Amino acid sequence: MIITEIVPVTKQKYRIVTDEQLAFVLYKGELRLYGVVLGQEITKDNYEKIVTEVLQKRAKLRAMNLLVKKDYTENGIRRKLAEGYYNSAQIDATVDYLKKYGYIDDERYIRNYVAIHIQTKPRREIVRKLIGK
């Protein structure tokens, strides 16, 4: 894979594009650590390390950090991780992990949402909001 583009996302984060496809997002120090340089080829070993070790761990930590602040549905977590440029395999693995340990549960989310809003919102509005989530 040849690095075709390195685009700054923030001061420390860079979106890496390989062979005209988005591959991943890395921090400045990780660019140096894994030898990611514009126009050069990234080795298969380095790419596998980045995807399996760095990005998968980061996706789990991101999801856990989101869940500390508020409860999310499975779809909500998927959407937030996709906004962070994680690929579908990493998102699926993260969601499976969260489900396995009970961190996300759509049925529990629905019960809690209804219990909180049943006194203040009409039934139809609650149903409409839940369908949207």
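**Note on the predicted model: cores and helix packing**

1. Alanine 93 counts as partly exposed because its relative accessibility is 30%, where buried means under 20% relative accessible area, exposed over 50%, and partly exposed in between, with a 1.4 Å probe and protein chains only. Alanine 93 belongs to helix α4, residues 88-100; helices (H or I, at least four residues) and strands (E, at least two) are DSSP runs, numbered from the N terminus. Between the C-alpha atoms of alanine 93 and glycine 39, which are 54 residues apart along the chain, the separation is 31 Å.

2. Some words on the basis of these values belong here. This is a predicted model, in which local features need pLDDT of at least 70 and side-chain atom pairs count only at pLDDT 80 or more, while totals for chains, interfaces and linings use all residues. Residues are numbered from 1 along each chain as its sequence is written, and side-chain values use heavy atoms, with hydrogens and water left out.

3. Which residues touch the most other members of the largest nonpolar core? In this core of 15 residues they are Ile16, Phe24, Leu26, Leu31, Val36, Ile42 and Ile50, a nonpolar core being a set of buried Ala, Val, Leu, Ile, Met, Phe, Trp, Tyr and Cys residues joined through side-chain atoms within 4.5 Å. At least two residues of this core come from each of β2 (13-18), β3 (21-27) and α2 (44-69), and α2 gives the largest share, five residues. A second, separate core has twelve residues, among them Leu67, Tyr86, Val95 and Ile104. In soluble globular proteins, nonpolar side chains tend to be buried together.

4. Two isoleucines show what surrounds a residue when neighbours within four places in sequence are left aside. Isoleucine 42 is then in contact (heavy atoms within 4.5 Å) with Met1, Ile3, Phe24, Val36, Tyr47 and Ile50.

5. The axes of α2 and α4 come within 9 Å and cross at roughly 50°; axes are lines fitted to C-alpha atoms, for helices over the stretch in contact, and angles run from 0 to 180 degrees between N-to-C directions. The two helices, α2 and α4, are therefore oblique to each other, given that angles under 35 degrees count as roughly parallel, over 145 as roughly antiparallel, 65 to 115 as roughly perpendicular and the rest as oblique. In their contact, Val51, Leu55, Gln56, Ala59, Lys60, Ala63, Met64 and Leu67 of α2 meet Ala89, Gln90, Ala93, Thr94, Tyr97 and Leu98 of α4.

6. Helix α5 (residues 106-117) packs against helix α6 (residues 123-132) at an angle of about 150°, with the axes 11 Å apart, so α5 is roughly antiparallel to α6. From α5, Tyr109, Ile110, Tyr113, Val114 and His117 meet Ile126, Lys129 and Leu130 of α6. These residues divide into six nonpolar, one polar and one charged, where Ala, Val, Leu, Ile, Met, Phe, Trp, Tyr, Cys and Pro count as nonpolar, Asp, Glu, Lys and Arg as charged, and the others, Gly among them, as polar.

7. Tyrosine 85 lies in the loop between α3 (74-83) and α4, and has a phi near 70°, a positive value in a residue other than glycine. Most residues other than glycine have a negative phi. With 31% relative accessibility, tyrosine 85 counts as partly exposed.
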